[in-house]
Structure formats: C-alpha cells, structure tokens
Amino acid sequence: MRTNKNEASIVRFYQMMLNASLIILGLVLSFYLLRELYAIVVDAVQGNTNVHDILEKVLAFFLYFVFVSMIVKYFHEAYHFPLRYLIYIGITGTVRFIIVNRDDAMNNLILSLVIFILVISYIMLAPRQNKAGEAKEIIE
C-alpha cells in the first residue's frame with residue numbers, strides 16, 4: 001500500500017511541474033504573440049509595402065498563436081494533447097511552409113503528399129456518427 005501512495009505523489013509532483021512549466025511557456029509565448037501583433041500593426045500604420053516582411057510576421061504570429069492554443073487545449077482536454085489536434089497543426093504548418101517557400105516545385109509536391117497523408121490520418125481519427133447523429137469518440 002505504501003508504494004501506491006509514493007507512486008501517486010510522484011505522479012502528482014511531475015504533473016504539477018509539467019503544468020507549471022506549460023503555464024510559464026504559455027506566458028512567454030503570449031508575450032511574443034503580442035509583440036508580433038504590435039509589429040504587424042506598426043507596419044500597417046507606417047505603410048510598409050514589403051509583402052515578404054509582412055507575411056513573415058503574420059506567419060510568426062500564427063505559429064505563436066498555435067502553440068498558445070495548444071497549451072490551452074492541453075488544459076481543456078484533461079492534461080493531454082488530442083492526436084487529431086496535433087495532426088491538424090501539422091497540416092496547417094505544412095501549408096504555411098508551402099506558401100512561404102513556393103520556389104521549389106518538387107519540394108512542394110512532396111509536401112503536398114505529406115499533407116494528403118495527414119488529411120487521411122485526420123479523417124481516420126474523426127469521431128464516428130451513430131444512427132442518432134451523436135459523435136462516438138475513438139480512443140486516442
């Protein structure tokens with residue numbers, strides 16, 4: 001019986017440490033998210049016409065946004081990351097990469113195949129509908 005209490009306290013300690021680390025990481029990423037937003041607003045007000053510079057800042061903003069939302073999802077989903085969410089992040093990140101680096105056609109073709117495989121994986125993990133129209137979750 002003693003080992004169960006020790007195991008539970010060890011698990012609780014590491015869970016608290018992980019949660020605290022993610023909260024700190026979320027705060028740091030939120031700071032950078034707001035900093036990118038400020039830079040985008042400054043560029044818009046100053047009339048910056050360099051599309052690549054603005055696009056780079058917008059993509060950085062969305063990267064910070066995705067990571068912050070991933071941390072929020074972790075706490076919302078009872079301390080785990082749903083596999084579907086990670087696949088979705090992979091799809092959107094790959095699409096963003098193709099948008100920014102569109103010079104190499106063969107590389108873009110390979111990345112498009114990666115997106116296709118990720119979409120198929122995402123569809124396979126989607127919740128199934130029963131006859132009443134209620135979603136049945138698949139164990140992840």
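The following conversation concerns the predicted model shown above.

User: Before we start, what are the conventions here?
Analyst: Residues are numbered from 1 along each chain as its sequence is written, and side-chain values use heavy atoms, without hydrogens or water. In this predicted model, local features need pLDDT of at least 70 and side-chain atom pairs count only at pLDDT 80 or more, while totals for chains, interfaces and linings use all residues.

User: How many helices and strands does the protein have?
Analyst: There are four helices and two strands, in the order α-α-α-α-β-β along the sequence. Helices (H or I, at least four residues) and strands (E, at least two) are DSSP runs, numbered from the N terminus.

User: Which residues does the "transmembrane region" annotation cover?
Analyst: The unreviewed UniProt entry assigns it to residues 12–34, 54–75, 82–99 and 105–126. UniProt positions follow the numbering used here, feature names are shortened, and annotations may be inferred rather than shown by experiment.

User: What does the chain look like over residues 12–34?
Analyst: That stretch is 100% helix and 0% strand, and its end C-alpha atoms lie 33 Å apart. Residues 54–75 are also 100% helix and 0% strand, with 32 Å between the end C-alpha atoms.

User: Which residues form the largest nonpolar core?
Analyst: The six residues are I87, I91, I98, L111, I115 and L125. A nonpolar core is a set of buried Ala, Val, Leu, Ile, Met, Phe, Trp, Tyr and Cys residues joined through side-chain atoms within 4.5 Å. Buried means under 20% relative accessible area, exposed over 50%, and partly exposed in between (1.4 Å probe, protein chains only).

User: And what is I91 in contact with?
Analyst: Leaving aside neighbours within four places in sequence, I91 is in contact (heavy atoms within 4.5 Å) with I115, L118, V119 and Y122.

User: Changing topic: which residues make the nonpolar surface patch?
Analyst: M106, L109, I110, L113 and V114 make a patch of about 460 Å². Such patches consist of residues with over 30% relative accessible area and no salt bridge, with nonpolar side chains (Val, Leu, Ile, Met, Phe, Trp, Tyr) joined within 5 Å and like charges within 9 Å. A salt bridge places a side-chain nitrogen of Lys or Arg within 4 Å of a carboxyl oxygen of Asp or Glu. Areas come from the Shrake-Rupley method with a 1.4 Å probe; for residues, only the protein chains shown count as cover.

User: Why does L109 count as partly exposed?
Analyst: L109 does so because its relative accessibility is 48%. L109 is in helix α4.
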